[in-house]
Every structure is written in structure tokens, then in C-alpha cells.
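Take a moment to look over the chain and its fold. The paragraphs below go through some of its backbone details and then its aromatic rings.

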Amino acid sequence: EMLRSLVGSEMCIRDRFLFILILYSCEEVIQVDVVNTTPRISIDGHFNLFTQETPVRLDGGVRLTKSSDYFDLSVPLITDATVTITHLESGITYPLIYRPDTTFYIPENPLILTDFNSDYLLRIFYKGEIFESKTSFIPVAPIQSAIQGTKTFRNKDETEIIISFKDNASRDDYYLFDFGLDLYRSFEDRFFQGKEYGFSYFYNSDEVSVGDTITIKSHGIEKKYFTYFENILELSEDRGGPFQSIPSSSRGNIVNKTNPAQYPLGYFLISESDEISLIIIE
């Protein structure tokens, strides 16, 4: 594809302070080649399981898309792949069913994913290629409280929310907090392992207002995903959020078993999750 730009101009001085750009009839066409790379499959394999709820609620699943050319604003969904997850401790393989209402492939029973003692194998069959990834169910400490504070960070119009939880002393934990509106914060427990921990998050005035109900979610993540997410966040600052479009330079934990050089984009992660809601009062 080509970008065309017409140039040719002369600067004329009408007086000491006013300059007017006059376009001449002579036009020079500048051609810019845009590389159209071979489309890659993008695999957003995020399973968030809210184990504190009855029944256990699953958010997410496996969403499959194709990367597109630079000027193609659409993101084609893949709806005809064969997707399975194997519980490696038992060797049982479960099919994932595509749900048009959510655009995710999900298991019929989400409880198959809640075994902390087993690894899980994701396998995707599509167009003669096999994509695979392995992960485990990552636990998370429940959110103890979320209250509205009175402090501000950058300006007086901000709203402070104070979140607290108690970290588990028996393991190294990595957290991903979702504050809605594509607002996230990730951190590790290196400096508060096994202790109660609280931190403040500040919403801008154009993000929340009095009477709004906000929902804060916490997800358990593994160390590799912690690093991956930090890179994604940096690369996607101007893309509408880290999960709107995966940057083409990002490479996760999923491999192409058929053609390793044509690796997919995305990540496979199973998180224990928790959430809490509150109403903004002032």
C-alpha cells in the first residue's frame, strides 16, 4: 500500500507578522512503502476464576484472532479452531467450546481449571498447525477491603481508593490489579511477603464521579507473566489498553509446534481471582 502526499509550496511575506503558505500547481508525489507482514495468530488465553463465589465464576477464556496489516482497522476473529485443555495430573483432555456472545473458547465446567497441584496444557489446532502452551493455576490472596480515602496524588480532583490484603508467606506471589477502564497495576510481594499490605490507587476526575460504582479485581499471575505484562503495558500505552491489541513485538509462552519460526502472539494464563466493589460518595 502506498501513502500519497502532495507537496510544493512557496512562502510569501504579506507583512512583518503574517505568513501565508501558497500551494503551487506543480506537485510531487511521494511514495512510502508499508511492509505487509505475514499475518500471525494472536492467542489471548486468560482464564480468571473467582473461587470465592458459589458457583465458581469464570471470566475470559481463549480468544483467537489474526494480526492484520498496518492500515486494516479490523481484527479478524478465528471461530473454527479446535481448542482443548488437558489436566496433566489426570491426563484428561477437555474440549473448549466457542461462545459467539463472548468471542471466547471456554470449558463446559470451569472447575476443571482450579487444581493448584496440576499443570494444564492448552492445545490449538488451526489450518494444519498446532499451537501449545503449559501453565498452572496461580493463586491470589483475597482482597480484604477497599475504601475511599481523602488524599490526592497529582491534583485535587483525584479520588483515592485504599486496597488491602494479606499476602501468603509460603510462596512468592505476583499480583495484577484491574481497576476497570483499562487501568492496571502489577507488583510482586518481595517487600511485604506474608504481611498485610495496603496501597492507594488514584482515579482522575474524568474516570470516576460521585455515585459511580467501581469494581476492583485482583488476579494471581506467574513471574514470567509479570515481566510479559510490564512489557505489554509499555508497548501499548497509546493503543487503548493492553488487551485491545497485542503489540507485534510481544512474544508470550505459546509455541507453534508445526512451524516454530511462525510463533503466535499472546499468553496462556490461569488465575485465581477476587473482586470488590464500592460506591464513590464524595
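Are Phe177 and Phe179 buried or exposed? In this predicted model, both Phe177 and Phe179 are buried.

Start with the peptide bond between Thr54 and Pro55. This bond is cis, with an omega of about -5 degrees. Pro55 sits in the loop that runs between β3 (41-50) and β4 (57-66).

Two other loops hold residues with a positive phi. In Lys127, which is not a glycine, phi is positive at about 50 degrees. Lys127 belongs to the loop between β8 (119-126) and β9 (129-138). Its relative accessibility is 64%, and because exposed means over 50%, Lys127 counts as exposed. Leu181 is also a residue other than glycine with a positive phi, here near 60 degrees. The loop between β12 (174-178) and β13 (184-188) contains Leu181. With a relative accessibility of 56%, Leu181 counts as exposed.

Now turn to the aromatic rings. A pair of aromatic rings is described by two things, the distance of the centres and the angle of the planes. Searching the whole structure gives 30 aromatic pairs. One of them joins Tyr174 and Phe226, whose ring centres are 5.3 Å apart and whose planes make an angle of 50 degrees, which is a tilted arrangement. Tyr174 is in strand β12 and Phe226 is in helix α1 (residues 223-235), so this pair ties together parts that lie 52 residues apart in sequence. Both partners can be checked against the cut-off for a buried residue, which is under 20% relative accessible area. Tyr174 has a relative accessibility of 13% and therefore counts as buried. Phe226, at 15%, also counts as buried.

Which residue lies over the face of Tyr263? That residue is Arg40, at 4.2 Å from the ring centre. Arg57 is placed over the face of Phe50, and here the distance from the ring centre is 4.0 Å.

Key:
Residues numbered from 1 in each chain as written. Predicted model: local features only at pLDDT ≥ 70, side-chain atom pairs only at ≥ 80, totals over all residues. Heavy atoms only, no water. Helix = DSSP H or I, 4+ residues; strand = E, 2+ residues; numbered from the N terminus. Buried < 20%, exposed > 50% of the residue type's maximum accessible area, 1.4 Å probe, protein only. Phe/Tyr/Trp six-rings, centres within 6.5 Å; stacked < 30°, edge-to-face > 60°. Lys NZ or Arg CZ within 6 Å of the ring centre and 35° of its normal.
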